Structure formats: structure tokens, C-alpha cells
Amino acid sequence: FCFASVLFPVLRNSPVAYLLGTSFERTVPYHRWTGCLLFGVVTIHGAGMLWEKGGEALEWDVGGRNNLAGLISWCCIVPMVLGAAQRRRCWEVFHCVHLVLFPVSIVFA
């Protein structure tokens, strides 16, 4: 749910923005807020998993639950969050990092 709430406001022809009657430019701050919320929730969740499971949280279990994939997804989210602070100076880098790492984080999430 949190990934979807990050993605919907930033689409140019977002159905949510159309239903609310707002423009793309007015939905970008919601994308940033929900992105920060996603990062916080994912970080707290990952820290709780590491606290509860310890070292076995980092194992790749093919048949069962796979906690290492979540860590890989988090490692893809961190550069996106850090790059967002520099988006005005290095727009091309910020945009490429988002285009490459967002699908990877979705695959491993």
C-alpha cells in the first residue's frame, strides 16, 4: 500500500489527482511526503526484523520467507532518498537513480 501511495501522486495523468481536481505540480509534495513516510516505515520494519531474528534475518531461504530480499529493497531505497536531497543540483543523476532503483526495489520488496 505504501509503495502505491508513493507512485500515484507523481504520475502525470494520475487518476487520484484527476479525482481530487489538482494539477501535477501540486501533487509532487505529496509524493515527497509519502516517500519519506515509506522510508521511515521500511526502516523501522527492517530494524524490528533484525532485532527479532538476529543473524537469521539475513539468510536467503528459497522455499520459505525471504528476509534478505527486503534488505536488498531497502538498500535500493536509501540512494533514492539521499539523492532526493540533491535533485535540484543534479537532476539527471536523481532521475536516473529513480528510474533504475525503483523497479529493483519493487522486485525485491
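Predicted model: local features only at pLDDT ≥ 70, side-chain atom pairs only at ≥ 80, totals over all residues.
Biologist: In what order do the elements of the protein chain run from the N terminus on?

Modeller: Reading from the N terminus on, the elements go α-α-α-α-α.

Biologist: Okay, and what does the C-alpha trace span along its principal axes?

Modeller: We're talking about a chain of 109 residues, of which 17% count as buried. Along the principal axes, the C-alpha trace of that chain spans about 45 × 30 × 20 Å.

Biologist: How far does helix 3 reach from its first C-alpha to its last?

Modeller: Helix 3 takes in residues 24–53, which makes 30 residues. At 1.5 Å a residue you'd expect 44 Å. The model comes close to that, with a reach of 42 Å.

Biologist: Which residues of helix 3 are buried?

Modeller: Here you need a cut-off: buried means under 20% relative accessible area. In helix 3, the residues that count as buried are Thr27, His31, Thr34, Gly35 and Leu38.

Biologist: Is Val41 buried, exposed or partly exposed?

Modeller: Val41 lies in helix 3 too. Buried stops under 20% and exposed starts over 50%, with partly exposed in between. Val41 has 43% relative accessibility, so the label is partly exposed.

Biologist: What follows helix 3?

Modeller: Helix 3 ends at residue 53. After the helix comes a residue whose phi is positive, near 70°, and that residue is Gly54.

Biologist: Now the largest pocket: which element gives the most to its lining?

Modeller: That pocket holds about 900 Å³ of space, and its lining has 26 residues, with Val10, His31, Arg32, Phe94 and His98 nearest the centre. Two or more lining residues come from each of helix 1, helix 3, helix 4 (67–84) and helix 5 (91–108). With 8 residues, the one that gives the most is helix 3.

Biologist: And what is the area of the nonpolar surface patch that includes Phe8?

Modeller: Phe8 sits in the loop between helix 1 (2–7) and helix 2 (15–20). At 37% relative accessibility, Phe8 counts as partly exposed. Together, Leu7, Phe8, Leu11, Val16 and Leu20 make a patch of about 430 Å².

Biologist: Last one: what distance separates the C-alpha atoms of Val41 and Gly83?

Modeller: Val41 belongs to helix 3, while helix 4 covers 67–84. Along the chain, Val41 and Gly83 are 42 residues apart, and their C-alpha atoms are separated by 19 Å.

Definitions and conventions. Residues numbered from 1 in each chain as written. Heavy atoms only, no water. Helix = DSSP H or I, 4+ residues; strand = E, 2+ residues; numbered from the N terminus. Expected span 1.5 Å × (residues − 1). Buried < 20%, exposed > 50% of the residue type's maximum accessible area, 1.4 Å probe, protein only. Patch = residues over 30% accessible without salt bridge, like charges linked within 9 Å, V, L, I, M, F, W, Y side chains within 5 Å. Areas by Shrake-Rupley, 256 points an atom, 1.4 Å probe, with all protein chains shown as cover. Salt bridge = Lys/Arg side-chain N within 4 Å of Asp/Glu carboxyl O. 1 Å grid on protein atoms, 1.4 Å probe; cavity = no way out; pocket = protein on both sides within 12 Å on 5 of 7 lines; lining within 4 Å. Points joined across faces, edges and corners; volume = space filled by probe spheres on them.
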